[in-house]
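Here's a protein chain to explore together. Take a look at it first, then we'll chat it through.

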Amino acid sequence: MIVVAIAATALLARMESVNPNLHAFTATMHAHVAMKSFPFLTADVEGTYYYKEPDKNKVVFTSSVPMVAQQFDKLYAHVDNPSQWEGKYVVTTLSDDGRTAHFKLVPRKRGNVVQIDATADDKSATVTSMRWSYENGGYAQMDNRYGRVDGNLVVESQSGHVEEPGYTADISTTIDGYKINPVLSDSLFESP
């Protein structure tokens, strides 16, 4: 067990240092949402994804079905960079076989998220999936696939599933058109 803990600690340190020169980005997000519960609709949603270190994330949808966009935006508001994990969560290593590591993150402050299960690739030191478990019994899961832009490892596509009281949906996204390190005002991330 000590070997697993040492390997996981080293992996977390490498995860925190991925993209040391990436401080902000904007990107175009294309999402296909298929509701699996009433009203059984599908929607193609497009928007701009904004990120600014250390922990600011925002998606502004330019075409959407309002209910779908609101729920999707909530999910992205909870995507924390691994460099933020220790400050926001009690992090427990569940396993690390040298290829894949599994972590449990329990929020230090009580809220809607009860815990996050995160899976990381040991070789690339990237988060390959996250599953948020909610107080209401619902959950959301996203699986990430990466590519390189200007030497930075960024998410190029995702697939996910959401189950909340009142709705269930499958989500697939592509993210492209990255602009690396633009100047972004903190006011951009404030709620309207």
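What follows is a set of questions and answers about this chain.

Reader: Before we start, what kind of model is this, and how are residues numbered?

Author: Residues are numbered from 1 along each chain as its sequence is written, and side-chain values use heavy atoms, with hydrogens and water left out. Local features need pLDDT of at least 70, side-chain atom pairs count only at pLDDT 80 or more, and totals for chains, interfaces and linings use all residues, since this is a predicted model.

Reader: How many helices and strands are there in the chain?

Author: Helices (H or I, at least four residues) and strands (E, at least two) are DSSP runs, numbered from the N terminus. Along the sequence they follow the pattern α-β-β-β-α-α-β-β-β-β-β-β-β. That makes three helices and 10 strands.

Reader: Which strands stand at the edges of the sheet?

Author: Two strands pair if DSSP finds at least two bridges between them. The open sheet has 10 strands with antiparallel pairing, in the order β3-β2-β1-β10-β9-β8-β7-β6-β5-β4. Each edge strand has a single partner, so one side of it is left without a neighbour in the sheet; the two are β3 and β4 (89-96).

Reader: How many bridges join β8 and β9?

Author: Strand β8 covers residues 139-149 and strand β9 covers residues 152-164, and they pair in the antiparallel sense. Tyr139, for instance, stands opposite Glu163 in β9. The bridge count for this pair is 11.

Reader: How many residues does the hairpin between β2 and β3 go through?

Author: Strand β2 (residues 42-52) and strand β3 (residues 56-63) run antiparallel, joined by seven bridges. The loop between them holds Pro54, and a cis peptide bond, with omega about 10°, joins Glu53 and Pro54. The hairpin goes through three residues.

Reader: Is Thr48 buried, partly exposed or exposed?

Author: Thr48 sits in strand β2, opposite Val60 in β3. Buried means under 20% relative accessible area, exposed over 50%, and partly exposed in between (1.4 Å probe, protein chains only). Thr48 has 22% relative accessibility, so its label is partly exposed.

Reader: What share of the chain's residues counts as buried?

Author: In soluble globular proteins, nonpolar side chains tend to be buried together. This chain has 192 residues, and the share that counts as buried is 43%.

Reader: Is Ala125 buried or exposed?

Author: Ala125 lies in the loop between β6 (113-121) and β7 (126-134). Its phi is positive, about 60°, although Ala125 is not a glycine. With a relative accessible area of 5%, Ala125 is buried.
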